[in-house]
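Please look over the sequence and the model shown here.

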Amino acid sequence: MDFSFAERTPFRRNRFGFVTGTIVELVPVRAGDRRANDCILLAGVEDRDGNTVNFMITPSTYVVDFDTLSVGMHCTFWYAADAPAPLIYPPQYSAVVAAQEKNGRMVSVGYFDSAMVNEDRTLQLNLDGRVDLRTTNNQYFHGSPANHSLVVTYENSTRSIPAQTTPSKVVVLCS
């Protein structure tokens, strides 16, 4: 029996966790007795089960379509699952990506390999010359998006496994 593991593709654990819910609080962050840092916001998000999670929205947080976040907005927040987080309640994470939930628009955040398949093997991208490739600061991305963490915006997909889509926009999360 051959137990060669060299031929197997190593399994990558999904680098991003996410929470979907309604923004119930959006306030500037205070550090002790000092005044608020107006560049960093704390978003309290309540999921459908009534659980609250706090997200730090910093200038490096990519907000899909550059929407202005507000209280009452239904959103999904992605965070780095392997980043340190304080052991407090409610949990608090630094938001990497935030997206307002919109009818007909789907957003996927994750690492896509050389075949343009995401980490959990549920979505494959078909990139044609018309797909809008950008960086988080809205500049054109001129390289290949393969083997990068991406924010993928799309409207429909096949029912295959993995589902396939031609996205309307791909944003590369450059490290």
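## Terms and basis

A residue is called buried under 20% relative accessible area, exposed over 50%, and partly exposed in between, with a 1.4 Å probe and protein chains only. The model is predicted: local features need pLDDT of at least 70, side-chain atom pairs count only at pLDDT 80 or more, and totals for chains, interfaces and linings use all residues. Residues are numbered from 1 along each chain as its sequence is written, and side-chain values use heavy atoms, with hydrogens and water left out.

## A four-stranded sheet

Strands here are DSSP runs of E with at least two residues, numbered from the N terminus. Two of them pair if DSSP finds at least two bridges between them. An open sheet is built from four strands, in the order β7-β10-β12-β9, with mixed pairing. β7 (106-112) and β9 (132-135) are the edge strands; each has a single partner, so one side of each lacks a neighbour in the sheet. From one strand to the next, the twist averages 25°.

Now take the pairs in order. Seven bridges link β7 and β10 in the antiparallel sense. In this pair S108 faces V152 of β10. β10 and β12 also run antiparallel, joined by four bridges. There V152 stands opposite V170 in β12. β9 pairs with β12 (residues 169-172) in the parallel sense, over four bridges. R134 is set opposite V171 of β12.

## T153, inside the sheet strand β10

Strand β10 covers residues 148-154 and includes T153. Is T153 buried or exposed? T153 counts as buried because its relative accessibility is 9%.

Contact means heavy atoms within 4.5 Å. Setting aside residues up to four places away in sequence, T153 touches V64, R105, M106, V107, P167, S168 and K169.

## H74, on strand β5

H74 belongs to strand β5. Its relative accessible area is 39%, so H74 is partly exposed. Which residues does H74 contact, leaving aside neighbours within four places in sequence? They are T20, G21, T22, A99, Q100 and E101. Between H74 and Q100 lie 6.0 Å in space, C-alpha to C-alpha, and 26 residues in sequence.

## The largest pocket

Rolling a probe the size of a water molecule over the atoms shows where empty space is left. A pocket is an open set of points on a 1 Å grid over the protein atoms alone, where a 1.4 Å probe fits, with protein on both sides within 12 Å along at least five of seven lines; lining residues have an atom within 4 Å of a point. Its volume is the space filled by probe spheres set on the points, which are joined across faces, edges and corners.

The largest pocket has a volume of about 370 Å³. Its lining counts 24 residues, with F18, W78, V107, S108 and V109 nearest the centre. β1 (16-30), β5 (74-80), β6 (92-100) and β7 each give two or more residues to this lining. β7 supplies the largest share, six residues. By class, the lining holds 11 nonpolar, eight polar and five charged residues. Nonpolar covers Ala, Val, Leu, Ile, Met, Phe, Trp, Tyr, Cys and Pro; charged covers Asp, Glu, Lys and Arg; the others, Gly among them, are polar.

## The second largest pocket

The second largest pocket has a volume of about 240 Å³. It is lined by 14 residues, and R15, S149, L173, C174 and S175 lie nearest its centre. Seven of the lining residues are nonpolar, six polar and one charged.

Conventions
Axes are lines fitted to C-alpha atoms, for helices over the stretch in contact, and angles run from 0 to 180 degrees between N-to-C directions.
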